[in-house]
Each structure stands twice: as C-alpha cells, then as structure tokens.
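The entries follow the order in which I checked them.

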Amino acid sequence: MRCCRKRWVADAFVTHLLPWFDTHGRHDLPWQHPRSPYRVWLSEIMLQQTQVATVIPYFLKFLQVFPTLPDLAAASNDAVMAQWAGLGYYARARNLHAAAQRCVEQHGGDLPRDVDALHALPGIGRSTAGAILSQAWNDRFSILDGNVKRVMSRYHGIEGFPGLPAVEKVLWALAQTHVEAVPAGRLADYTQAQMDLGATVCTRAKPACVICPLQQDCVARREGRSDQLPTPKPTKALPEREAVALLLRDAQGRVLLQKRPDTGIWAQLWTLPQADSGTALQDWFDAHVHGTLEDAEELPVLQHTFSHYRLHLQILVRRVEGLRSDDPALRWVDAQDLDTLGLPAPIRKLLDAGSVPPAPAVRRKLRAAPSLKNIE
C-alpha cells in the first residue's frame, strides 16, 4: 500500500505541475529560444545562486562575444572574466572556460550527451548535468537545485537542512520518482516548471500556497508548516576580515592593476594590489614601485560581503613614478580599457566613480606616520 501511495503522489505532482506551467510558467527566457546545449549550459551556470532578472543581460552580452562553445574555448582568460565581471561567484566563469576547452579537446567542440561525461566537466554537478540533459535533449534526468529542494521539502514534509548529505539523498530519490512519471517529450518543460514554481510561488518567504497547483497534496500546506520547511541552515556569525589595498596612478593617469592568483578571493581577476596588513603591503610597494607613500590619502573603508566572510578594505591613494621591473601580473590601465579586463564589481564601481584624486569630503591624511606599516 505504501508503494502505491508513493507512486500516486509522484503522478499527482507531475500531472498538477505541468498544466500550471503551460499557463503560468516562463516560456520566453532567452536560453529557451533555441534550447541549444551550449545556451542551456551557459544559463544554468549563470543561474547558480543568481536570479533570472540579473542573469538575462549578462547572458545576452556573453553570447554576443562568445556565440559558440568553440568561441568560448578559444578566448583568453581576461576576455572571459571581463564579460563575467559583476556577476559574482567567479569560480563559475573559470570552470565554464575550462569546461569549454575540455569539450574541444575531448568531445569535438560540443557538450557530451552523457551524464557521466557532463558531470566530469569542471563546474557541472549532478543537478546541472540533469538540467542540461533534460532541457537541451528532453532526456529523463531529475534536478535538485535550491528551488526544487524547497518545493520537495514542503511537498513531502522532509525534515532537516536540505544541504545535509542524508537529507539530500532522500530528496534525490523523490525527485527521481517524480521524473519517471513525466510524459515523453516534456522533460524540458517539467524541469523549467519546477524552477518556476519555486521562484514564483513556493518562495523562500511568504509562499503563495493558495494559488499553488500542488497544494492539495502538500504536507507543509496541510500541516501549516510552510514557514518551517525546508529546515533552515544552522546559522553562525559571518567572520570579519580586514585588508589594505593601493590605488596607484602614474603620470599619465593610468591605474595600476594586479592579477589575482588562480585561487582565493577574486581569483584570476584584475584588482588593486592588496595585502592582509599594512606591513605586508608596504613591503610589496617597496619591492615593486618607484615612488613614496608619504602623504597617501585614505578612502572610506570599502565593505564587501563574500559567501563566507565580510571584507573591510582600506584603500590608500597615491600617484607614483612607475614600476621597478616588468611583471606580467601588473599592468597600467587607462580608464577606457577597463572594460577589457575582469574586475571585481566593488573595485570597478570605485574606479568608475573617478575616485582619484579623492574628493575633499572623503580624503583623510594618515594621522600616524606615512608608512603603510602603521596600518594593521
């Protein structure tokens, strides 16, 4: 009896969701016309932890520069990061680029239509692989992104934070049961329907249960626990970190940018020379730059929140004579050339605001000695 009940619920989930999607779902997203594997893949990567409205202009602009997978694979790292700059979570762009190059090397310039081969590509997890296969080829694969986890947790009354492996295992089993009931040829619609329901109806806060097509069989709705499920992630205080950066310009007004390492925050992006302490940055300056930091100006502390900590960045401004030696990780850049490089959004915003020299209202001379070693 329990087995039959489980199958009936799975069928009810699908048979109520698809008609709702036909009437109320999103059918005009740019990656749906056409639903090519490359466009679907690009959209899925961009949509990770990012809302549709934010992604659309980036998606369209990215396609103008890299219309095909081989175009993306052949591009330089700087060109890719320049198009991604501002979208955040930059590891996505690095993985996208690496995966495109691997597709050219191993799969003839196309995404492979095989779940294991897809999953093996950088940046493509199980859910993303399923989303690509179901939407690009109408293959029968389930997904389990954040929206679907929320819908499944409420519909089936699943306790526990969905990010825990044991809870996620249960949700994957339920998602697979549901997908088996989807009519042939409607896998792309079903995948989009789940995401649309979570994004527009079964939302994180104040879900619109009264208009939900699944309300009749939803455990959370029936038990009045829609505000309790899914179980929230255990909270902890976000760590606070401090760092110091230099906004240096030469006699021509060009700004000095430094390419970040391949790992860590803002990896492979161009940004201001930065260190965790004034002492470390002063030592870096003495080794690389002709000039002095005497009478350097302080800008107001820039605050930026990453997923795992909050950064307080003190930026010091100075005009200098030049560099002591050639270093491929350092580059003097004119304002009109900033668009050609990938810059972190807060740094790009700072430079676009024309913060050098700083306005009198925000400039503060160092009250202690002029050396960066006084800034810890």
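I first wrote down the rule for a charge over a ring: NZ of Lys or CZ of Arg is within 6 Å of the ring centre and within 35 degrees of the ring normal. By that rule, the charged end of R241 sits over the ring of Y309, 4.1 Å from its centre. I also noted R126, whose charged end sits over the ring of W172, 3.7 Å from its centre.

I noted that this is a predicted model, where local features need pLDDT of at least 70 and side-chain atom pairs count only at pLDDT 80 or more, while totals for chains, interfaces and linings use all residues. Residues are numbered from 1 along each chain as its sequence is written, and side-chain values use heavy atoms, with hydrogens and water left out.

**Ring pairs.** I counted rings of Phe, Tyr and Trp (its six-membered ring) as a pair if their centres lie within 6.5 Å. The count comes to 8 aromatic pairs. I found F13, Y155 and Y190 together in one aromatic cluster.

**Cores.** A nonpolar core is a set of buried Ala, Val, Leu, Ile, Met, Phe, Trp, Tyr and Cys residues joined through side-chain atoms within 4.5 Å; buried means under 20% relative accessible area with a 1.4 Å probe, protein chains only. Which residues touch the most other members of the largest nonpolar core? They are W41, F62 and L257, in a core of 61 residues. Helix α2 (residues 37–46) gives the most to this core, with 6 residues. I took helices as DSSP runs (H or I, at least four residues), numbered from the N terminus. I then noted a second, separate core of 35 residues, which includes A131, W172, A193 and C218.

For F62 I listed contacts (heavy atoms within 4.5 Å). Leaving aside neighbours within four places in sequence, F62 is in contact with residues including Y38, L42, M46 and W84.

On a 1 Å grid over the protein atoms alone, a cavity is a set of points where a 1.4 Å probe fits but cannot get out, and a pocket is an open set with protein on both sides within 12 Å along at least five of seven lines; lining residues have an atom within 4 Å of a point. The largest pocket holds about 1,600 Å³ of space. Of its 42 lining residues, Q49, D145, G146, N147 and R204 are the closest to the centre. The largest share of that lining, 5 residues, comes from α9.

I found 1 cavity of 30 Å³ or more. The largest cavity has a volume of about 100 Å³. Of the 14 residues that line the largest cavity, R154, C202, C209, C212 and C218 are the closest to its centre.

How values were computed:
Phe/Tyr/Trp six-rings, centres within 6.5 Å; stacked < 30°, edge-to-face > 60°. Buried < 20%, exposed > 50% of the residue type's maximum accessible area, 1.4 Å probe, protein only. Helix = DSSP H or I, 4+ residues; strand = E, 2+ residues; numbered from the N terminus. Points joined across faces, edges and corners; volume = space filled by probe spheres on them.
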